[in-house]
Structure formats: C-alpha cells, structure tokens
Amino acid sequence: FIASQFCETTLNPPPAMDSCLWTDPLHLAISVSLAGRGFWKEAVTWASQGTDARAVSDALVAITDVAMQSRPSAEVIALLNEAALAVTQPLMQLRVRAAVAAISGDASQLEACLQTLLQIPAVPAGIWLDSVGFLQQS
C-alpha cells in the first residue's frame with residue numbers, strides 16, 4: 001500500500017523490509033501518504049495520535065525519511081521536533097529526535113542524542129525475552 005502511494009511522486013517509498021518492524025503499519029501508511037503529498041502538519045498530527053509510543057515513533061521516523069528526500073523547510077523540521085518531544089517513552093523519543101537532527105543537519109543535536117544513548121544501559125531494567133524470543137517490558 002505504501003509503495004503505491006509514491007507512484008505519483010518522485011520520492012522513494014520506505015524499504016519493504018522496514019514494514020516487518022512497524023507496530024501499526026496502517027497508521028504509518030497514512031502518515032507517510034500525507035507527508036508524501038506535502039501535508040506535513042496533517043502527517044505529523046496523525047502520526048502523533050498513534051496507539052502507543054512505538055507506533056508514534058515509527059510513523060514520525062518514516063515521515064523524516066520522506067522529509068529527507070524532499071528538502072524540508074524549517075517549519076517542517078520544527079513540527080517534527082515538537083512532535084518528537086511529545087513522545088512519552090524516552091528511547092522512542094530519542095529515536096525520533098535523532099532522525100530529525102539527521103535531516104536538519106544539526107550536528108550538536110545528533111551528538112546530544114548519541115551521548116544520551118551511551119548513558120542508557122544495554123538492557124534496561126524491566127525488559128526480558130519471553131519463551132518465544134520476543135522482547136517484553138514490565
């Protein structure tokens with residue numbers, strides 16, 4: 001579905017393998033479709049209304065991928081930065097902030113994200129693998 005939304009544009013769709021990692025592919029597809037058509041505010045607003053922090057971060061990072069291809073304005077970057085700060089789960093927020101820093105070329109913000117990441121333990125407390133090998137969080 002997502003790839004078909006890009007047929008009318010000069011933008012490349014997200015890699016097909018990425019879809020295996022998304023927690024809410026339909027939510028993300030709508031976000032990316034809006035962004036691909038230049039409806040940035042609507043895309044960010046829709047992405048921010050995901051069911052959980054992971055779905056929100058998936059959608060916002062996918063929007064940054066679209067923005068990177070279309071040379072985003074300062075307004076788009078500001079929208080994405082604001083949305084990133086609203087993500088409630090710290091690791092997911094860091095993921096979005098790093099993606100926004102990368103597309104904006106903000107080396108100091110990217111470095112700040114890297115330093116924050118280095119301070120996080122390798123396996124945060126409350127996370128374990130269940131009997132099938134899926135990550136669980138308490």
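Is methionine 68 buried, partly exposed or exposed, and what is its relative accessible area? In this predicted model, for which local features need pLDDT of at least 70 and side-chain atom pairs count only at pLDDT 80 or more, whereas totals for chains, interfaces and linings use all residues, methionine 68 is partly exposed, with a relative accessible area of 48%; here buried means under 20% relative accessible area, exposed over 50%, and partly exposed in between, with a 1.4 Å probe and protein chains only. Residues are numbered from 1 along each chain as its sequence is written, and side-chain values use heavy atoms, with hydrogens and water left out.

The chain contains seven helices and two strands, where helices (H or I, at least four residues) and strands (E, at least two) are DSSP runs numbered from the N terminus. Along the sequence these elements follow the pattern α-α-α-α-α-α-α-β-β. Of the 138 residues, 35% count as buried, and the accessible surface of the chain comes to about 8200 Å², of which 60% belongs to carbon and sulfur atoms; accessible areas come from the Shrake-Rupley method with a 1.4 Å probe, and for residues only the protein chains shown count as cover. Among contacts (heavy atoms within 4.5 Å) between residues at least 6 apart in sequence, 52% join residues at least 24 apart.

When residues up to four places away in sequence are not counted, tryptophan 40 touches Ala35, Ile63, Val66, Ala67, Ser70, Val76 and Leu79.

Isoleucine 103, in helix α6, counts as buried at 14% relative accessibility, and its C-alpha lies 9.2 Å from that of glutamine 69, a residue 34 places away in sequence. Beyond its neighbours within four places in sequence, isoleucine 103 is in contact with Thr64, Ala67, Met68, Pro72, Ile77 and Leu80.

Side chains of opposite charge can pair when their charged atoms come close. The structure holds two salt bridges, a salt bridge being a side-chain nitrogen of Lys or Arg within 4 Å of a carboxyl oxygen of Asp or Glu. In one of them, arginine 54 pairs with aspartate 58, the closest N and O atoms being 3.0 Å apart; because these residues are four apart in helix α4, they are separated by about one helical turn. Arginine 54 is partly exposed, with a relative accessible area of 32%, whereas aspartate 58 counts as buried at 3% relative accessibility. Aspartate 58 also meets the side chain of arginine 95 in a salt bridge (2.7 Å, N to O). Arginine 95 lies in helix α6 and aspartate 58 in helix α4, so this pair ties together parts that are 37 residues apart in sequence. Arginine 95 counts as partly exposed at 31% relative accessibility, and salt bridges that share partners join Arg54, Asp58 and Arg95 into one network.

Arginine 97, likewise placed in helix α6 (residues 90-104), is buried yet has no salt bridge, the nearest side chain of opposite charge being that of aspartate 106, 9.2 Å away; for charge, Lys and Arg count as positive and Asp and Glu as negative, while His and the chain ends are not counted. Apart from neighbours within four places in sequence, arginine 97 is in contact with Ala84, Leu85, Gln109 and Cys113. In the loop between α4 and α5, arginine 71 is exposed, with a relative accessible area of 77%, and its phi is near 50 degrees, a positive value in a residue other than glycine.
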